[in-house]
Structure formats: structure tokens, C-alpha cells
Amino acid sequence: MEYENVTEFILLGLFSDEDVKATCSALFSLCYLAILSGNLVILLTIRGGHLHKQPMYFFLSYLSLMDVCFTSTVAPKLIIDALAQRNTISYNGCMTQMFYAHFFGATEIFILVVMAYDRYVAICRPLHYTVVMNRQVCYVLVMASVFGAFLHSLLHVLIIIELPFCGPNQIDHYFCDIFPLLQLACTDTRLLFMTVITTTGVLSVLTFVALVISYIIILSTLRTRSSEGRRKALSTCGSHITVVFLFFLPLIFTYAPTADSISDDKVLALFYTMIAPLFNPLIYTLRNTDMKKAMRKVWCQDKLCERNRSLCC
């Protein structure tokens, strides 16, 4: 039997009440601006303060870039749709949004894994750190993260474009994601549900468990260090652990279960699309002595230069 595919989808969004939607649009606009400015400050601080020569901050700069890109695939349309009467997205636009959302999100996951490996080598193998984590290795790890994320995203898109969508076309979400789309397909998708849960959900759980174990090993190693070394290591590891929990826990609850509660998934999705990118700059600056020093050097120096120029004029 042949199906005539739908040409557009309707995104139902987070809320149906018009007053709530208007309030949320203003709130999400402020959050999006804060995400852009906060991560831009981190990128400029790392570059201007020459912290990018250190592997940890080299990876942090890419994590901040992924935060901006990941949120930008979702937030602008979420903000606009909250004020629109009818929230539609074309079929091609939906596939594009899903690809980039999974691409940037998966890249962020892999970079978090790489950052954990970097901390493990720095703390548990300090004498070999400069050899193991040289600049060439850092670039290879970032490129491997990007390539792995590309394959992950491509797999999800290939799964969806092979499915017939004959109606209804209402997606109970605020962006195009694979589970809501699988529910709309005009065919039996139970096997595909299990495939996605196995590939994405189980992978998220295993990655999270591996990260937790790695940080337990790192923290147990710190017992033999001096109090100053312990304090510095804990400040950087504490930031990583906080970000890992903030990003992974909602992700696991979204993709690891049986995905029957899609309406709850869109609320959980806010944590890894908006809330985690919003707090990441604060987490990595407030708890990190090197970042605070670099920010004072970059931003206070610029302000002082501007003041001197104004006085000369």
C-alpha cells in the first residue's frame, strides 16, 4: 500500500495556555541570550588568556561551542513558536533539526568523555600527561568525537526518512526528535523503538556509568596528594562531575526507558537543551581558579585599556 507523506509537521510545544506561552517565550529568550553570552565569554577568555594551550581548556572551548550550537538548533524556534498561533515545520526542516540536534548533542557527550579521560591522565598519570595529551592527540580526540556524532545522527535520520508519514502530523514536542516521530509513522515501529533505546539509551547509561567510575578512580587517587594538589584537582573534577550529572540524568530518563511518556520527555529535554548549557559557564568559572584569573586578565585588562584611551582623548 502506498502512502502520501506529509509535507509539514505541527509542533505542539510545551504548553497550550497562551499566557503561559508568552511568559515562557520571554523567559526562554533571556535564557538563550545568557547561554550565548556566557559561553562566548568562556571562548574569548580561553583564547585571550592563552588557556587553550592546556588540553583541559582546549576541550572546554569545544564544549562551550557545542552548547551554543546545540541550543541554537532548538531555542530560536521554541521562542518564536511560543508566540505563534500555528507552529509548523516542514518535513525537510524537521529532518534537518533532528540531525543537528543529535549531532551537536552527541558531540557534547563524546567531549565530556574526552574531558574525563584528560583528567584521569592528568591526575593518575601526571608524569606522562604532556606526552599522552599532546596537541595532536587533542585534535584527534575532537575529530573522533565529531565523526562519532555524525554517524549517530545519520543513523537516526536514515531510520526516520524510510518511514511513511500519512497523518496525523502533530508532534507532541517543541522540536523534532526521534521518539515523537516514530509514534507518528504509519507502520509498526516497535522494533525501531527498541533499536533506538538500545543504541542511544543504553549507550547513554553505559557512558554515564563509565564516567562515574572514572571519577571515583580519580578521587581515590587524590588521597595520596598534597592538600593544595587535592584542592586544585577537586575544583576541576567537581565542575566536570556537576556538568555530567546535569546533562546525562535527563538524557537517560528520556532515551533509556520504554519511551511511552513522550509528554514528560519534552520537559526533561529542557534540561539538556536549555538548562545545562545555561549553567555550564557558571559551573566552569565559579569553581575554577585558572578561569577566574584568566577572566580578570582578559576582561579587566580590556576595561583598563579603554579607560586609559578615554583619559588620553
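Mentor: Of the 313 residues in the protein, 48% are buried, where buried means under 20% relative accessible area, exposed over 50% and partly exposed in between, with a 1.4 Å probe and protein chains only. This is a predicted model: local features need pLDDT of at least 70, side-chain atom pairs count only at pLDDT 80 or more, and totals for chains, interfaces and linings use all residues. Residues are numbered from 1 along each chain as its sequence is written, and side-chain values use heavy atoms, leaving out hydrogens and water.

The residue to look at is Ser64, which lies in helix 2, residues 55–72. Helices (H or I, at least four residues) and strands (E, at least two) are DSSP runs, numbered from the N terminus. The protein has 11 helices and 3 strands.

Ser64 has a relative accessible area of 2%, so it counts as buried. Leaving aside residues up to four places away in sequence, Ser64 touches Asn39, Ile42 and Leu43; a contact means heavy atoms within 4.5 Å. With Asn39 there is also a side-chain polar contact of 3.5 Å. A polar contact is a pair of N or O atoms within 3.5 Å; within protein, one must be able to donate a hydrogen and the other to accept it, and residues adjacent in sequence count only if both atoms are side-chain atoms.

The C-alpha trace spans about 70 × 55 × 30 Å along its principal axes.
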